[in-house]
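Work through the exercises below with the sequence and the model open. Each task is followed by a solution in steps.

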Amino acid sequence: MELLVLHRPPAARTQAHRGPVVLPARAVPPQAAVSSVSLRSHAILQTHIQVFRGLFLKVAQVLPTSSCSLVLLEETKKTPLLLSNGTGYPAAAATGIPLAAMPGGGMVGGACNGQDKRMGVANGAGPGYQERETWTRQMDFIMSCVGFAVGLGNVWRFPYLCYKNGGGVFLIPYLLIVFVGGIPIFFLEIALGQFMKAGSINVWNIAPLFKGLGYASMVIVFFCNTYYIMVLAWGFYYLIKSFSSTLPWSTCENEWNTPNCIEIFHHQDCKNASLANVTVGSSNMTCSDLSDARSNKVLNISSGLDEPGRMNWELMLCLVAVWVLVYFCVWKGVKSTGKIVYFTATFPYVVLIILLVRGVTLPGAYDGIMFYIKPDWSKLEEAQVWIDAGTQIFFSYAIGLGALTALGSYNRFNNDCYKDAFVLALINSGTSFFAGFVVFSILGFMAAEQGVDISQVAESGPGLAFIAYPKAVSLMPVAPLWAALFFFMLLLLGLDSQFVGVEGFVTGILDLFPGKHYHRYKREIAVAICCLLCFIIDLSMVTQGGMYVFQLFDYYSASGMTLLWQSFWECIVVAWVYGADRFMDDVARMIGYRPFPWMKWCWSFITPCVCLGIFLFHLVNYKPLTYNNVYTYPWWGEVIGWCLALSSMLCIPVSILYKLFRAKGTFREVIFISSPEPALLNP
């Protein structure tokens with residue numbers, strides 16, 4: 001039953017039952033030279049572990065044994081190879097032989113021994129359990145992580161935040177938070193999945209009391225899968241409309257145009273950027289209405305959330321098409337996903353390079369690029385700049401969603417996930433910065449054509465992708481070609497993020513049903529149910545009031561607050577409940593060496609403080625949701641939004657309370673572990 005007492009010698013475990021004490025001397029090999037500082041650090045760690053140990057033992061009976069990782073827990077409990085005080089390393093490590101080269105895949109006792117098979121298994125899953133797949137090549141994992149983490153936010157959000165927050169100066173807080181928040185959590189999630197060989201729920205078997213973390217991540221990624229695909233549906237619609245000699249949004253001769261539509265205008269005709277009327281022919285038109293195509297044709301938006309209106313059948317067909325595409329990308333698991341991402345993750349870079357070459361040759365491109373990178377040092381004094389940097393990191397690195405954990409679970413046990421984390425972080429942040437040159441070279445051209453300052457055409461999010469950029473492309477020669485390239489890139493950027501998100505969700509669900517529930521088409525059925533359920537919810541977003549529903553999901557369900565809350569608890573549980581030193585030992589057991597201590601310091605202190613600080617800032621500066629700064633959501637709309645947010649955030653405390661109430665013994669025994677039950681002391 002003691003599944004959670006890892007890497008601790010039997011003598012130390014017996015002594016631990018008498019209360020928090022210093023690790024006994026006999027538990028330390030006599031040949032090891034241990035400094036007094038190391039002993040004190042280890043004693044502090046042991047004290048924290050004892051406080052929670054009794055709680056875990058009392059709820060351990062509800063712990064499902066779903067993979068070879070639980071066999072590994074028993075083996076590592078009995079054989080404490082890598083002690084956090086630096087002692088107890090095996091002879092192989094002492095002689096310079098990498099731990100990864102040890103028999104049994106680096107795990108003494110052969111808990112999961114046997115070679116990893118190509119697209120095969122993590123052996124030793126135990127009788128009655130389906131063998132877990134692994135990536136055919138390690139590059140499959142890299143490409144999948146790139147496809148998932150590098151998405152639309154890198155292209156449409158980072159460049160806007162960069163110019164808004166001081167240009168090149170924004171890179172200072174951005175890079176700082178990358179190293180104190182982004183990379184540590186990114187590495188933690190991948191390593192946890194690789195070590196436990198499980199999805200986002202079962203990885204928290206390391207601390208069953210906090211298994212609500214897994215359910216919270218599943219709720220968040222489910223909401224993301226539900227509303228994120230609407231962006232793909234819009235992109236697919238625009239892509240289809242790009243295959244015409246004249247782009248529909250470049251003229252005012254469409255049936256859905258309003259009298260306010262104008263084809264060519266110059267802002268100098270407007271006075272003080274007001275909504276002054278200008279006369280074109282016999283119609284009075286305003287200088288502000290540039291989004292007829294999206295507002296009236298694609299969205300056909302109603303007056304409010306309480307008026308859903310009729311369904312847009314063209315948009316619904318596009319939604320069906322992208323869901324079918326996602327299904328066939330995921331239905332065979334990593335065997336299909338690992339191949340498709342080679343195209344979906346790399347081709348957008350080809351398009352970005354083509355668009356950059358075209359963009360820098362346009363008039364006004366230089367001004368746009370300088371506007372993007374010109375530093376404004378005074379911005380560093382503003383708290384909002386640092387908050388924007390932190391929020392962008394958590395968005396673009398896709399942490400807290402559980403999908404990275406699922407991807408890591410398909411790695412070979414001895415894969416160097418530490419190196420992978422840094423490589424993927426470099427690719428992610430580098431893509432964001434590079435995309436800014438592409439975006440602002442085009443926006444600089446658009447501003448020059450209209451005779452306005454770039455700040456008046458620079459937008460973020462869907463406004464950039466579906467209003468500003470299409471308008472800029474329509475001003476270029478051979479506009480349909482550049483429009484098709486742009487929207488195809490947009491579709492691919494979102495597609496791999498979408499189907500990897502679905503993969504992460506399905507992996508977590510299937511891990512709850514181990515091999516004894518094996519069915520030949522279990523995965524295909526699970527993926528189909530997931531896609532169908534999300535599609536049904538999406539139908540509310542293809543109506544005239546669908547944009548209001550979309551914003552509710554975007555603003556609340558997977559907002560900065562939910563991701564920060566999730567990341568904060570991930571660090572706390574791994575560092576203070578499971579033990580940062582213990583997890584560093586587990587990583588060393590996998591990759592053959594201990595990561596730099598900076599990771600441990602971040603998990604224990606720095607990253608939780610960063611997450612909590614940004615979370616509180618968001619909470620204090622909360623503003624009610626609006627649409628286009630004009631429409632204010634009704635009170636019941638905000639209630640729905642907060643229900644979406646709390647549905648994931650409350651998973652953690654509710655799960656803790658549920659397990660505590662189910663635990664046997666008095667409340668004092670459960671909390672203070674003053675007199676543990678004999679049955680638990682002698683399993």
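**Exercise 1.** Is Thr391 buried or exposed? Describe its surroundings.

Solution. This is a predicted model, in which local features need pLDDT of at least 70 and side-chain atom pairs count only at pLDDT 80 or more, while totals for chains, interfaces and linings use all residues. Residues are numbered from 1 along each chain as its sequence is written, and side-chain values use heavy atoms, with hydrogens and water left out.

Step 1. Thr391 has a relative accessible area of 7% and is therefore buried. Buried means under 20% relative accessible area, exposed over 50%, and partly exposed in between (1.4 Å probe, protein chains only).

Step 2. Thr391 belongs to helix α15, residues 383–396. Helices (H or I, at least four residues) and strands (E, at least two) are DSSP runs, numbered from the N terminus.

Step 3. The side chain of Thr391 comes to 2.9 Å from the backbone oxygen of Ile387. A polar contact is a pair of N or O atoms within 3.5 Å; within protein, one must be able to donate a hydrogen and the other to accept it, and residues adjacent in sequence count only if both atoms are side-chain atoms.

Step 4. Setting aside neighbours within four places in sequence, Thr391 is in contact (heavy atoms within 4.5 Å) with Arg157, Ile614 and His618. Thr391 and Cys611 are 220 residues apart along the chain, and their C-alpha atoms are separated by 9.3 Å.

**Exercise 2.** Which residues does Thr607 contact, leaving aside its neighbours within four places in sequence?

Solution. Step 1. Locate the residue: Thr607 is in helix α23, residues 598–620.

Step 1. Check its accessibility: Thr607 counts as buried because its relative accessibility is 0%.

Step 2. List the contacts: with neighbours within four places left aside, they are Val180, Gly181, Pro184, Ile185, Cys571 and Cys602.

**Exercise 3.** Which residues have the most contacts inside the largest nonpolar core?

Solution. Step 1. A nonpolar core is a set of buried Ala, Val, Leu, Ile, Met, Phe, Trp, Tyr and Cys residues joined through side-chain atoms within 4.5 Å. The largest one has 184 residues, and Phe187, Leu319, Trp323, Phe466 and Phe487 have the most contacts inside it. Helix α9 (residues 212–242) gives the most to this core, 19 residues.

Step 1. Take Phe487 as a case: beyond four places in sequence, its contacts include Gly235, Tyr238, Leu239, Trp249 and Phe466.

Step 2. Return to helix α9, where Tyr228 lies. Tyr228 and Gln498 are 270 residues apart in sequence, yet 7.2 Å apart in space, C-alpha to C-alpha. Besides Gln498, Tyr228 touches Gly151, Leu152, Leu493, Gly494 and Ser497, not counting residues up to four places away.

Step 3. Among contacts between residues at least 6 apart in sequence, 81% join residues at least 24 apart.

**Exercise 4.** How many aromatic pairs does a search of the whole structure find?

Solution. Step 1. Rings of Phe, Tyr and Trp (its six-membered ring) pair if their centres lie within 6.5 Å; planes under 30 degrees apart count as stacked, over 60 as edge-to-face and the rest as tilted. The search finds 48 pairs.

Step 1. Phe343 and Phe347 are stacked, at 5.3 Å centre to centre with 25° between the planes. Phe343 is partly exposed at 42%, and Phe347 is partly exposed at 23%.

Step 2. Tyr578 and Phe583 are edge-to-face, at 6.4 Å centre to centre with 75° between the planes. Tyr578 is buried at 2%, and Phe583 is buried at 1%.

Step 3. Arg582 lies over the face of Tyr578, 5.4 Å from the ring centre. A charge sits over a ring if NZ of Lys or CZ of Arg is within 6 Å of the ring centre and within 35 degrees of the ring normal.

**Exercise 5.** How many disulfides does the structure hold?

Solution. Step 1. A disulfide is a pair of cysteine sulfur atoms within 2.5 Å. The structure holds zero.

Step 1. For Cys530, the closest cysteine sulfur is in Cys534, at 4.4 Å, so it is too far for a bond. Cys530 is buried, with a relative accessible area of 4%.
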